[in-house]
Amino acid sequence: MTDFNDRRRGEESKYAMDEETAFKVAARRNRLLGEWAAGLMNLTDEETDSYKKAVVQADFEEAGDEDVIRKVLGDLTAASCDVDEAAVRAKLAECEIEARRQLIEGA
């Protein structure tokens, strides 16, 4: 019985750690995406910091990435940047790879 309980606790710990890692990757990815978009919109350093936080916050509106894509694409369109949804999605995927790399390296 003890082995079963130990195994269950181990699985629960692994699940919690996996969820925490996924959250950290998504938050860092969204910050990187926000930084990219802010650069395209020629925002100041202070505006960029604020915008990155807004992009991270946008991810809490609904499950998945659509809320983040919608926000960034809408903001870029409003700023007259010549970027389409495919470019935002491609950049999001690129930012996810970079976020995972940074997390692994402890940056």
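The model is predicted: local features need pLDDT of at least 70, side-chain atom pairs count only at pLDDT 80 or more, and totals for chains, interfaces and linings use all residues. Residues are numbered from 1 along each chain as its sequence is written, and side-chain values use heavy atoms, with hydrogens and water left out.

Start with the overall count. The protein has four helices and zero strands. Both are DSSP runs, numbered from the N terminus: helices are H or I with at least four residues, strands are E with at least two. The C-alpha atoms fill a box of roughly 65 × 25 × 20 Å, taken along the principal axes.

Buried residues make up 31% of the 107 residues. Here buried means under 20% relative accessible area, exposed means over 50%, and partly exposed lies in between (1.4 Å probe, protein chains only). The protein exposes about 7200 Å². Carbon and sulfur atoms supply 52% of that area. These areas come from the Shrake-Rupley method with a 1.4 Å probe; for residues, only the protein chains shown count as cover.

Next, contacts. A contact means heavy atoms within 4.5 Å. Take the contacts between residues at least 6 apart in sequence: 58% of them join residues at least 24 apart.

Charges come next. The protein has 16 positive and 26 negative charges, and their mean positions are 5 Å apart. Lys and Arg count as positive, Asp and Glu as negative; His and the chain ends are not counted. Each charge is placed at NZ of Lys, CZ of Arg, CG of Asp or CD of Glu.

Helix H1 covers residues 2-40. Glycine 34 lies in H1. At 0% relative accessibility, glycine 34 is buried. Leaving aside neighbours within four places in sequence, glycine 34 is in contact with Tyr51, Lys52 and Val55. Glycine 34 and arginine 101 are 67 residues apart along the chain, and their C-alpha atoms are separated by 18 Å.

Asparagine 42 is exposed, at 67% relative accessibility. Its phi is near 55°, a positive value in a residue other than glycine. Most residues other than glycine have a negative phi.

Helix H2 runs over residues 45-58, and threonine 48 has its place there. Threonine 48 counts as buried, at 12% relative accessibility. Not counting residues up to four places away in sequence, threonine 48 touches Glu35, Ala38 and Leu43.

The loop between H2 and H3 holds aspartate 59. Aspartate 59 is buried, with a relative accessible area of 16%. Beyond residues up to four places away in sequence, aspartate 59 touches Ala26, Arg29, Asn30, Gly64, Asp67 and Val68. Aspartate 59 and asparagine 30 are 29 residues apart in sequence, yet 7.9 Å apart in space, C-alpha to C-alpha.

Glutamate 62 also lies in the loop between H2 and helix H3 (66-78). Glutamate 62 counts as partly exposed, at 36% relative accessibility. Setting aside neighbours within four places in sequence, glutamate 62 is in contact with Asp67 and Arg70.

The next loop joins H3 and helix H4 (85-105), and serine 80 is found in it. Serine 80 is exposed, with a relative accessible area of 67%. Phi of serine 80 is near 60°, again a positive value in a residue other than glycine.

Last, the cysteines. How many disulfides does the structure hold? It holds zero. A disulfide is a pair of cysteine sulfur atoms within 2.5 Å. Cysteine 81 is in no disulfide, and the nearest cysteine sulfur, that of cysteine 95, is 15 Å away. Cysteine 95 is in no disulfide either; its nearest cysteine sulfur is that of cysteine 81. Cysteine 81 is buried, with a relative accessible area of 16%. Cysteine 95 also counts as buried, at 4% relative accessibility.
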